[in-house]
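Good morning, and thank you for the time. I would like to take you through one structure, from its overall form down to single residues.

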Amino acid sequence: MRGSFFLNFTDAYLGRVLISLISLVQFFRPPKKAPAVPSAILIIKLSALGDTILLIPALRELKRTYPSAKMTFLATAVNYEAAKACPY
């Protein structure tokens with residue numbers, strides 16, 4: 001590392017200690033609250049018909065995880081036909 005002796009020393013020794021202290025603080029924080037359940041989900045797929053078909057398992061999982069959420073699919077005409085056939 002280029003720079004002064006002070007910067008090299010700080011990086012090599014004090015940096016490790018500071019990172020360890022920061023990780024300990026993060027460890028003892030209370031857990032974050034779960035995010036709110038979404039009421040609507042927008043899926044945007046404007047190209048690649050194959051990717052739209054491969055998206056079906058993710059749509060199924062979204063519907064299983066958030067059954068009350070309204071799912072909207074924004075797509076091109078080609079992708080719309082594939083999405084229309086999807087039961088999710």
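**Overall form**

Of the contacts in the protein (heavy atoms within 4.5 Å) between residues at least 6 apart in sequence, 69% link residues at least 24 apart. Please note that this is a predicted model, in which local features need pLDDT of at least 70 and side-chain atom pairs count only at pLDDT 80 or more, while totals for chains, interfaces and linings use all residues. Residues are numbered from 1 along each chain as its sequence is written, and side-chain values use heavy atoms, with hydrogens and water left out.

The protein contains 4 helices and 2 strands, in the order α-β-α-α-β-α along the sequence. These are DSSP runs numbered from the N terminus: helices are H or I of at least four residues, strands E of at least two.

The radius of gyration is 24 Å, whereas a compact globule of 88 residues would be near 12 Å; the value is taken over C-alpha atoms, and the globule rule is 2.2 Å times the number of residues to the power 0.38. The C-alpha trace spans about 65 × 35 × 15 Å along its principal axes. Buried residues account for 11% of the 88, where buried means under 20% relative accessible area, exposed over 50%, and partly exposed in between (1.4 Å probe, protein chains only).

**The core**

Which residues form the largest nonpolar core? There are 6: Ile41, Ile43, Leu59, Ala69, Met71 and Cys86. Such a core is a set of buried Ala, Val, Leu, Ile, Met, Phe, Trp, Tyr and Cys residues joined through side-chain atoms within 4.5 Å.

Cys86 sits in the segment after helix H4 (77-85) and counts as buried, at 12% relative accessibility. Neighbours within four places in sequence aside, Cys86 touches Ile56 and Leu59. Between Cys86 and Leu59 there are 8.9 Å, C-alpha to C-alpha, and they lie 27 residues apart in sequence. Leu59, with neighbours within four places again left aside, also has Ile43, Met71, Phe73 and Tyr88 among its contacts.

**A buried lysine and an exposed phenylalanine**

Leaving aside neighbours within four places in sequence, its contacts include Asp51, Thr52 and Asn79.

Phe28, by contrast, belongs to helix H1 (residues 5-28) and is exposed, with a relative accessible area of 64%.
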